[in-house]
Amino acid sequence: MSIWWSLHLRREAASVPLARRLLLGTMETAGVDPDISYDLSVALTEACANAVEHGGDGGRGAVSEAYRVTAYLDGERCRIEVTDAGPGFAHDPSPAREPARLPRADAEHGRGLCLIEELTDHVHIGNKPGRDGAVVSFDKILKWKKDTPLVAV
C-alpha cells in the first residue's frame, strides 16, 4: 500500500492542527497503530510550528507566507517532510551532526527538534539546496492494527 499527500499551508497557527488532523485521519483509515500515529502527529506538529514561527523572511527581502507538508505512507514506513522559505539554519546541519540538545527545564522554546528526534526513527534537518528555506524530514517504521484491510500483503 502506498498513500501520499502534500499541503501548501499559510504560515498561521491554525494551519498546524489541520496538518495534524489530516495525518491522523490518513493513518487511522490505513490502519496504523494509534501509538505510532500519535508519535508522528506530535513530530509533525513540532515541525509545522517551527515553520510557522521561523519560516518567514527568506533573506531576499521577500516574506514567505506559506510552507509545505508532504507525507508518504509507503509499505512499512511513513516519511514526512516540512519545508519553508525562511532563512534556513545558520549553518546547514549535516545528517551526521550531534543530536539536538534539550534546553533548560525552564525554557519556553527549543524542544521541537529534540521531540522529533525522540519520536521518530530517522531525522534529516537541513537547508533547501540552492534556495532559502529549511527542510525537516523524518520517518518511522509503521505498526498496524490487526485485520487492517489496506496493509500490503
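Okay, let's start with the surface: accessible areas here come from the Shrake-Rupley method with a 1.4 Å probe, and for residues only the protein chains shown count as cover. By that method, the protein has about 8900 Å² of accessible surface, and 54% of that belongs to carbon and sulfur atoms.

A word on what you're looking at. This is a predicted model, where local features need pLDDT of at least 70 and side-chain atom pairs count only at pLDDT 80 or more, while totals for chains, interfaces and linings use all residues. Residues are numbered from 1 along each chain as its sequence is written, and side-chain values use heavy atoms, with hydrogens and water left out.

So, the layout. We've got three helices and five strands, where helices (H or I, at least four residues) and strands (E, at least two) are DSSP runs numbered from the N terminus. Going from the N terminus, the order is β-α-α-β-β-α-β-β.

Now the sheet. Its five strands form an open sheet, in the order S1-S2-S3-S5-S4, with antiparallel pairing; two strands pair if DSSP finds at least two bridges between them. S1 and S4 are at the edges with a single partner strand each, so one side of each has no neighbour in the sheet. Further in, S3 and S5 pair over seven bridges, in the antiparallel sense, and Val-82 stands opposite Val-136 in S5. Helix H1 packs on this sheet and touches S1, S2 and S3, contact meaning heavy atoms within 4.5 Å.

What about the inside? Of the 153 residues, 42% are buried, that is, under 20% relative accessible area, with exposed over 50% and partly exposed in between (1.4 Å probe, protein chains only). The largest nonpolar core holds 31 residues; a nonpolar core is a set of buried Ala, Val, Leu, Ile, Met, Phe, Trp, Tyr and Cys residues joined through side-chain atoms within 4.5 Å. Among the members that touch the most others are Leu-40, Ile-80 and Phe-138. H2 is the biggest giver, with eight residues.

Let's zoom in on Leu-40. Leaving aside neighbours within four places in sequence, Leu-40 is in contact with residues including Leu-23, Met-27, Ile-80, Phe-138 and Leu-142.

Beyond four places in sequence, the contacts of Thr-83 are Tyr-67, Arg-68, Lys-128, Ala-134 and Val-135.

Key: Axes fitted to C-alpha atoms, helices over the stretch in contact; angles between N-to-C directions.
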